[in-house]
Amino acid sequence: MTQRTDRIDELIRQEIGEIIAREISDPRIGFVTITDVETTRDLSHAKVSASFIGTAAERALALAALGHAMPFIRHELGKRLRIRRIPELHLQADDSLVRGTRVLQLINDLGSGADALIASSPEDTLPTPVARLPHEGDASEPDPPPALPDMPAHAGGDRRPGKRGRTRASTGPRGKATSHRRTNRS
């Protein structure tokens with residue numbers, strides 16, 4: 001897609017999020033995040049991806065309630081946006097948050113020694129990711145590397161003019177800086 005459609009997608013995503021937060025008071029919707037909007041080139045249609053938190057039944061109910069609110073949201077977009085055509089909105093559930101949380105839960109269960117097969121199914125309420133606590137047998141944090149001693153100023157060799165190893169910068173034929181190493185030949 002072009003940069004223009006990308007900007008419009010992001011603008012529509014932000015505006016839909018604000019409309020849901022401030023204008024819609026349906027308790028069935030609950031906590032929803034608009035994760036992505038993808039419009040067609042002619043701006044006639046837009047796929048709106050939304051992520052919901054809750055059980056599978058709660059997510060389905062919230063998706064249906066938000067689907068019923070889409071005509072109102074489109075009308076509000078028409079008031080807020082200055083574009084020629086407000087796209088027809090097509091709502092779809094984004095389950096990437098559910099899958100990502102499930103993967104984190106499996107990793108956490110494996111790290112704690114719990115049986116991953118007994119772990120809850122993705123149909124359950126999403127767990128809140130937490131930082132892993134240290135367990136017995138974990139490797140301790142490595143000691144910081146020792147500080148290097150201060151080097152004397154002359155440790156890198158003599159850099160006085162006329163001495164071997166001096167670097168001189170100049171400009172080349174196109175005005176770009178080039179460096180030349182000057183060596184003394186005896």
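**Salt bridges: worked exercises**

Arg 99 and Asp 95 form a salt bridge, with 3.4 Å between the closest N and O atoms. The model is predicted, so local features need pLDDT of at least 70 and side-chain atom pairs pLDDT 80 or more, while totals for chains, interfaces and linings use all residues. Residues are numbered from 1 along each chain as its sequence is written, and side-chain values use heavy atoms, leaving out hydrogens and water.

**Exercise 1.** State how exposed Arg 99 and Asp 95 are.

Solution. Step 1: buried means under 20% relative accessible area, exposed over 50%, and partly exposed in between (1.4 Å probe, protein chains only). Step 2: Arg 99, at 51%, is exposed. Step 3: Asp 95, at 41%, is partly exposed.

**Exercise 2.** Find how many salt bridges the whole structure holds.

Solution. Step 1: look for a side-chain nitrogen of Lys or Arg within 4 Å of a carboxyl oxygen of Asp or Glu. Step 2: the search finds nine salt bridges.

**Exercise 3.** Describe the pair Arg 80 and Glu 23.

Solution. Step 1: their closest N and O atoms are 3.7 Å apart, in a salt bridge. Step 2: Arg 80 lies in helix 2 (residues 56–80) and Glu 23 in the loop between helix 1 (3–22) and strand 1 (32–39), so the bridge ties together parts 57 residues apart in sequence. Here helices (H or I, at least four residues) and strands (E, at least two) are DSSP runs, numbered from the N terminus. Step 3: Arg 80 is partly exposed at 30%, and Glu 23 is partly exposed at 40%.
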